[in-house]
Amino acid sequence: MGKRLFVDMDGTLAEFKPTSKLEDLYEKGYFLNLQPLPNVIDTIKKIKEENPDIEVFILSAVLTDSKYALQEKNEWLDKYIPEIDDEHRIFPPCGEDKSKYIEGGVTMDDYLLDDYTFNLNSWDPPGHGIKLLNGINFTKKTWAKSRVDFESDKLKDSIVSIIRDDVVIVDMVENIAEKPSLKEVVFRAEKRAQQEFAHAKAVYDGSQESDLRLMRYQYVANALNDIVVSSHLTNEYNSWKKQQKAKRK
């Protein structure tokens, strides 16, 4: 088996559109209408075309309780990068470890291009993670391995070098290095809290692991609430939690 490259969608191939409420993620057209990141799309197409020995997959989490998410993600791929066929598209449930959904398991020859450090840490080791800097992530700078800038004119060469030559490439862009404003920090934290809650709610089954996912969301929501900006997040969590408890009685 040769080298394999797995590519995330939200925040990697497509811009992640911020929402004011979780229900927006379940609306028809939300995923289908996400804007592509053209340089990343072109890069993946060229890698697939010019490097037949590197097998390219899509690996994107999907809301399993959404009527539209899976269908719209496939339609989006058909529109922007049809070169990757259905057999090379993998859609784990949101909140799950992506590496658990790779047939035969992740090996040292498997590379993940993703914007979310949590996914990269679950992948690497035994595989190799490549963090995509998309202009709004990498605020905590916790990923110390390979990272590439989504607007770089050397993006293709960088990714191929990481895969072929087993090198570590570290890109840094000015807008990431700048200190973000309080408004930007709050926006990013609220977006992450919304994602955490959507992931946790989608896979909630009453287990300890599910409760830990909800606790991560609650921690961020409470922190935001402390600076008096997002009390609706905490209220939404508390309301949903009460409903779950009532169902179990």
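This note comments on strand pairing and aromatic contacts in a predicted model.

1. Strands 1 and 2. Strand 1 (residues 3-7) and strand 2 (residues 54-59) run parallel and are joined by 5 bridges. Within this pairing, phenylalanine 6 stands opposite phenylalanine 57 of strand 2.

2. The stacked pair. The ring centres of phenylalanine 6 and phenylalanine 57 lie 4.7 Å apart with the planes at 15°; because planes under 30 degrees apart count as stacked, the pair is classed as stacked. Phenylalanine 6 belongs to strand 1 and phenylalanine 57 to strand 2, so this contact ties together parts that are 51 residues apart in sequence. Phenylalanine 6 and phenylalanine 57 are buried.

3. Further aromatic contacts. The structure holds 5 aromatic pairs. Ring pairs join Phe6 and Phe57 with Trp123 in a cluster. Tyrosine 30 and phenylalanine 31 are both buried.

4. Strands 2 and 3. Strand 2 is also joined to strand 3 (residues 89-90), by 2 bridges, and these strands run parallel. Isoleucine 58 has arginine 89 in strand 3 as its bridge partner. Between strand 2 and strand 3 the chain passes through helix 2 (residues 69-80), giving a β-α-β crossover that is right-handed.

Key
Residues numbered from 1 in each chain as written. Predicted model: local features only at pLDDT ≥ 70, side-chain atom pairs only at ≥ 80, totals over all residues. Heavy atoms only, no water. Phe/Tyr/Trp six-rings, centres within 6.5 Å; stacked < 30°, edge-to-face > 60°. Helix = DSSP H or I, 4+ residues; strand = E, 2+ residues; numbered from the N terminus. Buried < 20%, exposed > 50% of the residue type's maximum accessible area, 1.4 Å probe, protein only. Pairing = 2+ DSSP bridges. Right-handed = clockwise from strand over helix to strand, strands pointing away.
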